[in-house]
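Have a look at it first, then read on.

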Number of protein chains: 2
Amino acid sequence: MLALSCAEPTDVSFSLTGFAARGGLTDHHVDGWGVAFYEDRACRVFVDEKPAYQSPVAAFLKSYPIKSRNVVAHIRKATQGGARVENCHPFMRELRGQQWLFAHNGDLRPLGEPEPGPYAPVGTTDSEAAFCFIMNRLYAHFAANTNTSTDTNVDDIDAVFNVIEQATRTLNTFGIFNFVLSNGQAQFAYCSTRLSYVIRHWPFSSARLVDGDLSVDFAERGTPADRAAVIATTPLTDEVWTACQPGDLLMFRSGALLRRAHVAVPADVLATSKYAVSEQSAVPA
Amino acid sequence: MLALSCAEPTDVSFSLTGFAARGGLTDHHVDGWGVAFYEDRACRVFVDEKPAYQSPVAAFLKSYPIKSRNVVAHIRKATQGGARVENCHPFMRELRGQQWLFAHNGDLRPLGEPEPGPYAPVGTTDSEAAFCFIMNRLYAHFAANTNTSTDTNVDDIDAVFNVIEQATRTLNTFGIFNFVLSNGQAQFAYCSTRLSYVIRHWPFSSARLVDGDLSVDFAERGTPADRAAVIATTPLTDEVWTACQPGDLLMFRSGALLRRAHVAVPADVLATSKYAVSEQSAVPA
């Protein structure tokens, strides 16, 4: 699971190259993958149920120059739901004229009765069910002005953060729930068991990926205005990453960490999951 | 604008090859394009604001073997909204756990106050606004059981047809409104000024595209169970196509025409559009 929040449209082939290589070659995540990125208001989603190393879509993306301020990517190891296209992350839904993206790393027990609202899963994953839960909460909160064409409410990212946090505290009681969620303006990232991030400022130093030996000199491309936050399940480079605490909900925008809310995850909640905190290495990424 | 409804998963590179070639080379539609296709419940959308002949996504799709029962494609000539990714058809929304696709050929006056409901346009086209209008009508009709996980209502494609027809009769009063709409089960196609279709049965005869000189022998690939309906703004092959009448709403499923409803489009409605019926050749496809 990987997300980028950048101040300027950024070439993301660097991080994705190493990330994609983990799908089947150097890691155990082989049940599909997905990359989604915003271009202003538009959001393109590329998913494939094939492992990245044998996916023609992944090969195409490698040579396709993507420039985006907000990116969400995911390599899938199926815990619930088969290796099918509809079960690949990131998932996307539209709310009040914005596209929203979600990718999850973890494993949740069934949520029971769905949250009332317009969003329902297309596939069979716990992840998409949780995403729809959050989206229905957001809809309930921001739908008051549905009849108007203004999106002023949902543009208040602090209000969005509050709704997401409430939903997240509930959902985390169902199991392991590391995620990234974006509406194209901000990246919301939650650490249930493991999540790290690094903020890169101009001039970017060259950095080597953990899962490959490719490197990109960001300084060649960047400007002094450039800044990028990279959020991932585990550090992808040899830079100094900040490890989040379980229970951290973070909000990034334009490459900066804007807000953090922390509530400790109850130990008994995680102990009932088949992936205990002490077995983080078994948690799918 | 092109749609396929097939009884069996069908290789769609044939029709799309000629269709894509129209984007900038042999036709005047150069403000982007899109192809979307269902794989069981999943729906993949590939759009690009670049003309098909210089789009790397189009080049990739040409070599990517797609097999699908339901396909929607569109080459865009902008009438409203710039050449931006979010303005490219087909548009997609989720309703009750199904992905819905929409592509439009025409030009509508502003719809005024949006229809109440959860769907709002991301881009600035009349087409996406009309799509959201229909989706909000469908949501209002089928949301009664939103709290349940069963989708029995929305699986009643005749009920879906009725809601779409009501919305379509309203929307057509705003201008030219040829469209295709699919939920992955059926294709709904409306002729406001021009729309044609052809039903291919096994054994498929070889057919030559109008916009290119490629041909594909469907007989080599098909089985006796194969049947495909091809729906397009104008005939794409030298087969005998059926020209729809303005005011025809058609429903195709598994390659068969299941239902047709006709209400004549008032002449004064079309006369007020900048594209009159007598100037069909000026209507963007």
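Buried area is the accessible area, taken with a 1.4 Å probe, that two parts lose on being put together, summed over both. Keep in mind that this is a predicted model. With that said, the area buried between chain A and chain B is about 2900 Å², and carbon and sulfur atoms give 55% of that area.

**Where the two chains meet**

Chain A puts 36 residues into the contact, and chain B puts in 36 residues too. How do the two copies relate? Chain A can be laid on chain B by a turn of 180° with a shift of 0.0 Å along the axis, giving an RMSD of 0.0 Å. The two copies are thus related as by a two-fold rotation axis. Both copies use the same surface, since 100% of the contact residues of chain A recur in chain B.

Charges join in as well: 8 salt bridges turn up across the interface of chain A and chain B. There is also a salt bridge between the side chains of B:Arg93 and A:Glu94, at 2.8 Å from N to O.

**Inside chain A**

Chain A has 6 helices and 15 strands. Of its 285 residues, 60% count as buried. Looking at contacts in chain A with a separation of 6 or more, 71% come from residues 24 or more positions apart.

Helix 3 (residues 126-142) of chain A makes a handy check on geometry. Its 17 residues should span 24 Å at 1.5 Å a residue, and the end C-alpha atoms are 24 Å apart, so the two agree. Helix 3 of chain A is also mostly covered, with 13 of its 17 residues buried.

**Aromatic rings**

Over all chains there are 24 aromatic pairs. One of them is A:Phe102 with A:Phe179, a tilted pair at 5.4 Å centre to centre with 35° between the planes. This pair links distant parts of the chain, 77 residues apart. Here are the two partners side by side:

| Residue | Strand of chain A | Relative accessibility |
|---|---|---|
| A:Phe102 | strand 6 (residues 98-108) | 0% |
| A:Phe179 | strand 7 (residues 175-182) | 0% |

Buried means under 20% relative accessible area, so A:Phe102 at 0% counts as buried, and A:Phe179 at 0% counts as buried too.

Which residues form one aromatic cluster with members from chain A and chain B? They are A:Phe37, A:Phe46, A:Phe60, B:Phe37, B:Phe46 and B:Phe60.

Note on methods: Residues are numbered from 1 along each chain as its sequence is written. Chains are lettered from A and ligands numbered from 1 in the order in which they are written. This is a predicted model: local features need pLDDT of at least 70, side-chain atom pairs count only at pLDDT 80 or more; totals for chains, interfaces and linings use all residues. Side-chain values use heavy atoms; hydrogens and water are left out. Copies are superposed by least squares on the C-alpha atoms of residues with pLDDT of at least 70 in both. Contact means heavy atoms within 4.5 Å. Helices (H or I, at least four residues) and strands (E, at least two) are DSSP runs, numbered from the N terminus. The expected span of a helix is 1.5 Å times one less than its number of residues. Buried means under 20% relative accessible area, exposed over 50%, partly exposed in between (1.4 Å probe, protein chains only). Rings of Phe, Tyr and Trp (its six-membered ring) pair if their centres lie within 6.5 Å; planes under 30 degrees apart count as stacked, over 60 as edge-to-face and the rest as tilted. A salt bridge is a side-chain nitrogen of Lys or Arg within 4 Å of a carboxyl oxygen of Asp or Glu.
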